[in-house]
Amino acid sequence: MPFLERHSTSFSEPWVAWTMLLLLLLLLIANYFQKGLVIGSFRSLTAAKERESLFSDITRNTAGDICMFIYEVSIVGLCIYTLLFRGADFSFPGFLIAVGLVCALSAVKYLLIRLTCYVFLDKNALPAMMLHYSNLYIVVTTLLYPVLLLALFAPFMTYFATLILLSIIAFMALAIWLLKAFRLFFTNFLASFYIFLYLCTLEIAPLIGVIIATKQLI
């Protein structure tokens, strides 16, 4: 009896829809525990005062931070996995591998950021820098959700269109982060060199490494 071969894609795998729903719930829960977290992060992009807390009216708590961290690494991991997927199975283990690599990257990068800023840049500006970085990461991962939703489930969303949208978000984040870094740390030409060195060694190179490692493992 003839039969049709079933191709494993984001459309056919139930775990994809459930994962996207869970990620949305995690984002909403994080915002519930920390009222105004997402909106405050978007507002911080144009904040005039760089060294003052932009979350003075938001109570940070462990539950909200955990939910946001899981959301962030999962959305980035799924985004990388979706872009690199060219195999036979759009598998949950493959997604977990990507998330695990993003988690490892986040931990190493956090430690290196603190070390780099303490050694080369103005350590008094480090708390403000970490706050701005956290805000920008929340903004980026929030914008990634609708793009990823379209890439996974919208038939009209091509790979090229997904890549264009993700590139726009990446370049926007890069431009904003450079602006924030120069406002916080720029004192002379040497400081600008350190800022660009930080960007290449702690942002661009590790991300490329995670993408290559994910491609090799999935």
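**Close-up views**

**View 1. Thr82 is buried at 14% relative accessibility.** Buried means under 20% relative accessible area, exposed means over 50%, and partly exposed lies in between (1.4 Å probe, protein chains only). The model is predicted: local features need pLDDT of at least 70, side-chain atom pairs count only at pLDDT 80 or more, and totals for chains, interfaces and linings use all residues. Residues are numbered from 1 along each chain as its sequence is written, and side-chain values use heavy atoms, with hydrogens and water left out. Thr82 belongs to helix 3. Helices (H or I, at least four residues) and strands (E, at least two) are DSSP runs, numbered from the N terminus. Thr82 contacts Phe90, Leu148 and Leu152, leaving aside neighbours within four places in sequence. Contact means heavy atoms within 4.5 Å.

**View 2. The chain holds 7 helices and 0 strands.** Read from the N terminus, the order of elements is α-α-α-α-α-α-α. Of the 218 residues, 44% are buried. Take the contacts with a separation of 6 or more: 76% of them join residues 24 or more positions apart.

**View 3. Helix 1 (residues 14–33) crosses helix 3 (residues 62–84) at roughly 145°.** Their axes come within 8 Å. Axes are lines fitted to C-alpha atoms, for helices over the stretch in contact; angles run from 0 to 180 degrees between N-to-C directions. The crossing is left-handed. That term applies if the near helix is turned anticlockwise from the far one by less than a right angle; clockwise gives right-handed. Helix 1 supplies Trp15, Met20, Leu23, Leu26, Leu27, Ile29, Ala30 and Phe33 to the contact. Helix 3 supplies Ala63, Gly64, Cys67, Met68, Ile70, Tyr71, Ser74, Ile75, Leu78 and Tyr81. These contact residues comprise 16 nonpolar, 2 polar and no charged. Ala, Val, Leu, Ile, Met, Phe, Trp, Tyr, Cys and Pro count as nonpolar; Asp, Glu, Lys and Arg count as charged; the others, Gly among them, are polar.

**View 4. Helix 1 has a buried side and an exposed side.** Its 20 residues reach 29 Å from first C-alpha to last, close to the expected 28 Å at 1.5 Å a residue. The expected span is 1.5 Å times one less than the number of residues. Trp15, Val16, Thr19, Met20, Leu23, Leu26, Leu27 and Ala30 are buried. They sit on the same side of helix 1 because they cover an arc of only 135° around its axis. The arc is that of the directions from the helix axis to the C-beta atoms. Pro14, Trp18, Leu28 and Tyr32 are exposed on the other side. An α-helix has 3.6 residues a turn, so residues three or four places apart point the same way.

**View 5. Helix 2 (residues 37–44) buries Leu37, Val38, Gly40, Ser41 and Ser44.** Down the axis, these residues fall within an arc of 165°, so they line one face of helix 2. Ile39 and Arg43 are exposed on the other side.

**View 6. Helix 3 is mostly covered.** Of its 23 residues, 17 are buried. The end C-alpha atoms lie 33 Å apart, which agrees with the 33 Å that 23 residues should span at 1.5 Å a residue.

**View 7. Val139 in helix 5 contacts Ser41, Phe42 and Leu45.** Those contacts leave aside neighbours within four places in sequence. Val139 is buried, with a relative accessible area of 1%. Gly40 is 99 residues from Val139 in sequence; in space the two are 9.5 Å apart, C-alpha to C-alpha.

**View 8. Thr142, also in helix 5, touches Leu27, Val38, Phe42 and Tyr71.** Residues up to four places away in sequence are not counted. Thr142 has a relative accessible area of 16%, so Thr142 is buried.

**View 9. Val140 of helix 5 (residues 126–153) is in contact with Ile169 and Ala173.** Neighbours within four places in sequence are left aside. Val140 is buried at 15% relative accessibility. Ala170 is in helix 6 (residues 159–185). Ala170 is partly exposed, at 45% relative accessibility. Val140 and Ala170 are 30 residues apart in sequence, with 7.9 Å between their C-alpha atoms. Leu144 is 26 residues from Ala170 along the chain, and their C-alpha atoms are separated by 9.9 Å.
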